[in-house]
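This briefing walks through a set of features that can be followed on the structure, grouped by topic. Please keep the sequence and the 3D view side by side while reading.

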Amino acid sequence: MTYQRPNFRHPDAPTNPLGYTRRDYEGSISTLCAGCGHDSISAAIIEACFGLPLEPHRIAKLSGIGCSSKTPAYFLGRSHGFNSVHGRMPSVATGASLANNELVYIGVSGDGDSASIGMGQFAHVVRRNLNMTYIVENNGCYGLTKGQDSATADRGSKSKKGASNPYEAIDLASLAIQLGATFVARSFSGDRHQLVPLIQAALSHKGFALLDVMSPCVTFNNHTGSTKSYVHVRDHIDPAPVDFVPIRDEIKASYEAGTTFEVRMHDGSVVRLHKDSGQEYDIEDPQAALRAIAEHEQAGRTLTGLLYIDKDAPDLHKVLGTSPRPLNSMQEKDLCPGSKMLDSINAGLR
Amino acid sequence: MRAKQAVNDFVVKFANVNGTGSASANSLFAKSIFRMGIPVSPRNIFPSNIQGLPTWYEVRVSHKGYLGRRGGVDLMVCVNPQSMERDVKDVEPGGYFLYDSTKPIDPRLVRDDINYLGLPLTEICLREYTDARQRLLFKNMIYVGALSALLEIEFQVLKDLISDQFKGKEKLVSPNIHALELGHHYAMKHFECPLGIRVKRGGDIAPHMSGVDHILMDGNTATGLGAVYGGATVMAWYPITPSTSVAEAFERYCTRMRIDPGTGQKNYAVVQAEDELSAIGMVIGAAWNGARSFTATSGPGLSLMGEFLGLAYFAEIPTVLVDVQRAGPSTGMPTRTQQSDILAAAYASHGDTKHVLLFPATPAECFSLTVNAFDLAERLQTPVIMLTDLELGMNDCMSPPLEFDDAYRFDRGKVLDGEALDKLQSRFGRYLDVDGDGITYRTLPGAHPTKGAFTTRGTSRDDYAIYTEDGDAYVRNMDRLLLKFETAKRYVPAPKIKPAAQPTRIGTLFFGTTASPAYEALEILEEEGYAIDALRLRAFPFTREVEQFIDEHDTIFVIEQNRDGQMRRLLLNESNCATREKLVSVVNYDGLPITARHIAGHIRSRLGGANVTDIAQKRSSSGRTMA
Ligand SMILES: Cc1ncc(C[n+]2csc(CCOP(=O)(O)OP(=O)(O)O)c2C)c(N)n1
Ligand code: SF4
Ligand SMILES: [Mg+2]
């Protein structure tokens, strides 16, 4: 069941510069387990879109299948959503984006949806640099089918029944960098201060933005021995703080010289990173990013934050040279070459 | 020895090695006959290989306008020693065997009931050319030149075709013409020209073939062009024979006709996807977002697309798919033709699904039905699968010219735009059957700030697109989808019916590339006195006309190119009038196109003498002569 919220609006609810309240970015009531990390990510998406701000109806939400993929029903109720088939959201998002380059595309997937059944499509949407924000709600298991290990489960992580996972984990963030992703970030559903600005930065990026978000499954993978439990994740992350400064805000906060560096996005907004917490490397250098991720991992830690960015790479529309006018708005006069042209084609076939 | 005598009515077959450039010479040969106004149907019989294996090209010349494969060979042009033994056997008694006589022929290959024409191709090439590549390529032109003398093909026509072909590369014109002349001179000097079989402009051509301004075109090119005219803007595909050239043609025409000359910006997007799952996913995503989109594939790709087709059916997304069929199952015979994806396409995906199917029979119809497919998909908000096959898709076919009406407007179906949503008084229900025809209204992402948004899903939902597991809501929705499929019968193209010269209770039913040989078989049988009605099916679901035809006949031969009689099964499943007793299967599934001989043979043996009227009597009573 999906529960609809009562249509009630608080008269003094704060509005964003577009005149929308936070309520305008909410969806129907979640039916996920209480405490599921995925719900915190939905809340962060709402916050990010409200804050940027984006017009809710100019966003399209796409997902595959899984508990995570259900969540688009729980945020942005004024946006169209497409809950597609297991592991194939990237292709649907690609088609949607080709049809209309003017909308903002948010994809939500799970670790099963992306790293197992959807690995092929994940790899290819990355290398095409589709202009979208792609969030993997990573809980190390298949929540919806009751907790089987996924391909992102760490080697040695224990299942609820105590079995140790014998297989190497796939790290989607490193993989994405290797495949040529142009924005790669990692975060934790419980770290809203980092997650919200990261989502905002991802939404401002013109190209493929991956957010690999650790998002514990309280029902099947939150026990002692699991490396994706709340406790374990909280104890083992090295979060690099991120600020996101939207275009309209001049930069107010002042920082000690040399402690931060800034990435100015194409839309004029700014992502500010803090040069502590071990993120001293050049985030525009993919090899440095991969090294940093690996070094933290070897130390038994997980680096979170914006890991890598290439803000100048052309997105798929640019590569294909498609018209700036959305293809779905084109009419007969734009698309049908007419009978005269056909006559000349016929003539050439005689 | 008896030598076959026939004007404008014979079969020439070329036996080549693939990868040796024979294809363009062979098609030059076919096109020259076409340019002389004589009905011709060339077809490639090729291996799934790039270089070195035997490949054949069969050209049927038929003044009656029979374009199906005839079977049998009257003149074999054997340029491939590898396949010589079997090529000799294929020649019909009284026929001709032209071979490279540089080396003497193996005496075991000499038959006493056919005529041998030794043309020292290799020797001529060695003498004329020093470059190895030239020796290989011009060999093909030399035998075409020889054939022009042997069959009386007008030499000027060949010269004109060469000039057309090398427009912009004029340097190549005279060497090619020289090679043709080498062959022509040799033949004139050494053979008795023309042979008993030959072509003749204006010679007894059937009126329906000489009246129309025919074109020579392959079905896949016509399909790709149809998608341009149908307004497709997004095309995603994964290479697979024999459908690849649909995608290539679409892209080629788009680069000619869909790029803004000022800005260089493209009014289309083509993506070569990582596989067919992704290809159909992109098509569905684009269609969901309001762009006309399509993909083209063949059997294995159709299998992979199953899950997504079920989604498009259930979530009601306009989806256009072209399946150029080849011989299955599995990889089967990837370069041979069949009509064996009928059931897989009709019921693609798990659960209760049914899809609209279209069956074009000519390039002109590949073009028009592709345009139609986009209208149907958007009108009905469901997948539309156009089924062609290798025979139609990859061979040059004589066809009436392509037609397009400039008054044509896309039928975008029931879409509520921002304005319509603004005016909407009641709550928008994506799956609410307002009009009672099973087709509901959809909205596109971004259309309106507050109204019309919903989540598209493959899970069960209520009239307002809200997820539900309520059994009644599910059943209501499934029943509405069935009602929509009923409604589809009003929109899909009706069959073409060709009644016999006199009333009969016997009929035939066929579709796609089975049509040409079936019509030919019916003419043969008519000559023998059989009266048989014909229905050429053009779409599934079956319309009223199909039901009526089945109802009005006692025996209907369902002619198709697969083992299991898949269309017969579909009819038994889906038509109210079809019965096992009525529908008799006539099938061919060896990977080569079905022939009129095969069809006529089956029908004749099944009917025995029944239904035959004395021809003389019939002629006088109907006052009509057989064409
Ligand atoms: C083709 C197909 N195979 C299997 C399933 C069953 N299935 C549904 S969700 C799921 C796993 C989801 O895992 P994940 O993507 O990690 O999402 P989570 O539930 O953990 O958020 C599976 C295997 C399916 N829906 N479709
Ligand atoms: S099963 Fe796990 S992933 Fe699914 S909703 Fe419950 S807590 Fe979340
Ligand atoms: Mg998971």
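**A sheet with strands from chains A and B**

In this predicted model, an open sheet is formed by 9 strands in the order S9(A)-S13(A)-S7(A)-S8(A)-S4(A)-S3(A)-S1(A)-S2(A)-S19(B), and its pairing is mixed. The edges are taken by strand S9 (237-239) of chain A and strand S19 (455-457) of chain B, each of which has a single partner strand, so one side of each is left without a neighbour in the sheet. On average, and with direction ignored, neighbouring strands of this sheet are turned by 20 degrees against each other.

- S9(A) pairs in the parallel sense with strand S13 (residues 302-309) of chain A, and this pairing runs over 3 bridges.
- Within that pairing, Pro239(A) stands opposite Thr304(A) in S13(A).
- Helix H9 (residues 286-298) of chain A packs on the sheet, where it touches strand S7 (183-188), S9 and S13 of chain A, and its direction makes about 175 degrees with that of S13(A).
- H10(B) also packs on the sheet, touching strand S1 (59-63) and strand S2 (80-83) of chain A together with S19 of chain B, and its direction makes about 160 degrees with that of S2(A).

**Helix contacts of H3(A)**

- Helix H3 (residues 89-99) of chain A and helix H10 (residues 276-288) of chain B have axes that come within 6 Å and cross at roughly 45 degrees.
- H3(A) and H10(B) are therefore oblique to each other, and their crossing is right-handed.
- On the H3(A) side this contact is made by Ser91(A), Val92(A), Thr94(A), Gly95(A), Ala96(A) and Ala99(A), while H10(B) contributes Leu277(B), Ser278(B), Gly281(B), Met282(B), Gly285(B), Ala286(B) and Trp288(B).
- Sorted by class, the residues of the contact of H3(A) with H10(B) comprise 7 nonpolar, 6 polar and no charged.
- Within chain A, the axes of H3(A) and helix H5 (residues 119-127) come within 8 Å and cross at roughly 35 degrees.
- In that contact, Met89(A), Pro90(A), Ser91(A) and Thr94(A) of H3(A) meet Gln121(A), Phe122(A) and Val125(A) of H5(A).
- The contact of H3(A) with H5(A) has 4 nonpolar, 3 polar and no charged residues.

**A sheet within chain B**

- Chain B holds an open sheet of 6 strands, whose order is S3-S4-S2-S5-S6-S7 and whose pairing is mixed.
- Strand S3 (40-45) and strand S7 (115-119) of chain B are its edge strands, each of them pairing on one side only.
- Neighbouring strands of this sheet are turned by 15 degrees against each other on average, direction ignored.
- Strand S2 (residues 9-17) and strand S4 (residues 54-62) of chain B pair in the antiparallel sense over 9 bridges, and the bridge partner of Asn16(B) in S4(B) is Thr55(B).
- Helix H4 (residues 132-151) of chain B packs on the sheet, touching S2, strand S5 (73-78), strand S6 (91-100) and S7 of chain B, and its direction makes about 165 degrees with that of S2(B).

**Domains of chain B**

- Chain B is divided into domain 1 (6-211), domain 2 (217-399), domain 3 (415-486) and domain 4 (496-622).
- Taken over C-alpha atoms, the centres of domain 1 and domain 3 of chain B are separated by 60 Å.

**Backbone details in loops**

- The peptide bond from Leu52(A) to Pro53(A) is cis, with omega near -10 degrees, and Pro53(A) is found in the loop between helix H1 (37-51) and S1 of chain A.
- In chain B, a cis peptide bond with omega of about 10 degrees joins Phe540(B) and Pro541(B); Pro541(B) is found in the loop between strand S23 (539-540) and helix H19 (544-551) of chain B.
- Asn8(B) has a positive phi of about 55 degrees although it is not a glycine, and Asn8(B) lies in the loop between strand S1 (6-7) and S2 of chain B.

- Cys67(A) is found in helix H2 (residues 67-70) of chain A.
- Although Cys67(A) and Gly37(A) are 30 residues apart in sequence, they are 10 Å apart in space, C-alpha to C-alpha.
- Not counting residues up to four places away in sequence, Cys67(A) touches Leu32(A), His38(A), Gly143(A) and Leu144(A).

Terms used: Residues numbered from 1 in each chain as written. Chains lettered and ligands numbered in written order. Predicted model: local features only at pLDDT ≥ 70, side-chain atom pairs only at ≥ 80, totals over all residues. Heavy atoms only, no water. Domains from an automatic or database assignment. Axes fitted to C-alpha atoms, helices over the stretch in contact; angles between N-to-C directions. Helix = DSSP H or I, 4+ residues; strand = E, 2+ residues; numbered from the N terminus. Parallel < 35°, antiparallel > 145°, perpendicular 65-115°, else oblique. Left-handed = near helix turned anticlockwise from the far one by under 90°. Contact = heavy atoms within 4.5 Å. Nonpolar A, V, L, I, M, F, W, Y, C, P; charged D, E, K, R; others polar. Pairing = 2+ DSSP bridges.
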